[in-house]
Every structure is written in structure tokens, then in C-alpha cells.
Amino acid sequence: MPRGWLAVPTGTPPELEPYRDDPRGLERYVRAVVEGAGARFEAFYFDVDSPVAYALVEGLDDFISIKAVRSILGAVDFKKLITVDQAADDAVRRERDIRGRLPH
């Protein structure tokens, strides 16, 4: 299952303001939002050079849910990630299949 790298500002929007100086509270809140959307929360990291935290999530792959979670958290970015096996096997196989159906 694809994973996502969700970039969350650590001070805004207003819903996150109470967690400005509460990293554990922010992690709990982000976890609740992600799990409320039906995804699995894996890990939470803080950027040392900017006011952003990153949540590694699994199963947040429905576009409507992604939009909802991003809106609630004021997320500034969401990267969709796949594993090495998915890239080496599934993506390569799909690429070959698509190329095989293209007109020559």
C-alpha cells in the first residue's frame, strides 16, 4: 500500500495553535485526524530548520480523504511514496504494459 509524507505546519492553522509548544500533543492530534480518515499513522518527525512536522502515513490514498486531511491540518505538502518492491515490480510491470499498448 502506498505511503504518504504529509507536511504539517507546527503553528497554524488555528486548529494547530494549541500545539505550538506541545510536540506530543501535535502528534496525537495529527494521528487522530489521519486515523479518522481511515489511514494508518506510522511516524512523526520535526524539521529542525523550519516550522514544519512530517507525518508518515499509510493508506491515505483516496483523493477526497487527502484533501480533507490536508484542509484540517493546513498541510503544505503531501508526497505519495511507494516501496522499492512496488517501484521495481508493480510500476515497471505497469509501464511495460502501457508501452505495449501504445501505437507504434
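Which helix does S65 lie in? We'll get there in the first close-up, after a quick word on the model. This is a predicted model, where local features need pLDDT of at least 70, side-chain atom pairs count only at pLDDT 80 or more, and totals for chains, interfaces and linings use all residues. Residues are numbered from 1 along each chain as its sequence is written, and side-chain values use heavy atoms, with hydrogens and water left out.

View 1. S65 lies in helix α2; helices here are DSSP runs of H or I with at least four residues, strands are runs of E with at least two, and both are numbered from the N terminus. With a relative accessible area of 19%, S65 is buried (buried means under 20%, exposed over 50% and partly exposed in between, using a 1.4 Å probe and protein chains only). Leaving aside residues up to four places away in sequence, S65 touches A37 and L60 (a contact is heavy atoms within 4.5 Å).

**View 2. Helices α1 and α2 packed together.** Helix α1 covers residues 23-36 and helix α2 residues 63-73, and they pack at an angle of about 155° with axes 10 Å apart. Each axis is a line fitted to C-alpha atoms, for helices over the stretch in contact, and angles run from 0 to 180 degrees between N-to-C directions. The pair is therefore roughly antiparallel (over 145 degrees; under 35 is roughly parallel, 65 to 115 roughly perpendicular and the rest oblique). On the α1 side, Y29, V30 and V33 make the contact, and on the α2 side it's V69, I72 and L73. Sorted by class, that contact has six nonpolar residues, no polar and no charged ones (Ala, Val, Leu, Ile, Met, Phe, Trp, Tyr, Cys and Pro count as nonpolar, Asp, Glu, Lys and Arg as charged, and the others, Gly among them, as polar).

**View 3. Strand β3 and its partners.** Strand β3 (residues 52-58) has six of its seven residues buried, so the rest of the structure largely encloses it. Strand β1 (residues 3-9) runs antiparallel to β3, joined by seven bridges (two strands pair if DSSP finds at least two bridges between them). Look for G4, which stands opposite V57 in β3.

**View 4. The β2–β3 hairpin.** Strand β2 (residues 40-46) also pairs with β3 in the antiparallel sense, over six bridges. A hairpin of five residues joins β2 to β3. Here F41 stands opposite V57 in β3, and A43 has L56 of β3 as its bridge partner.
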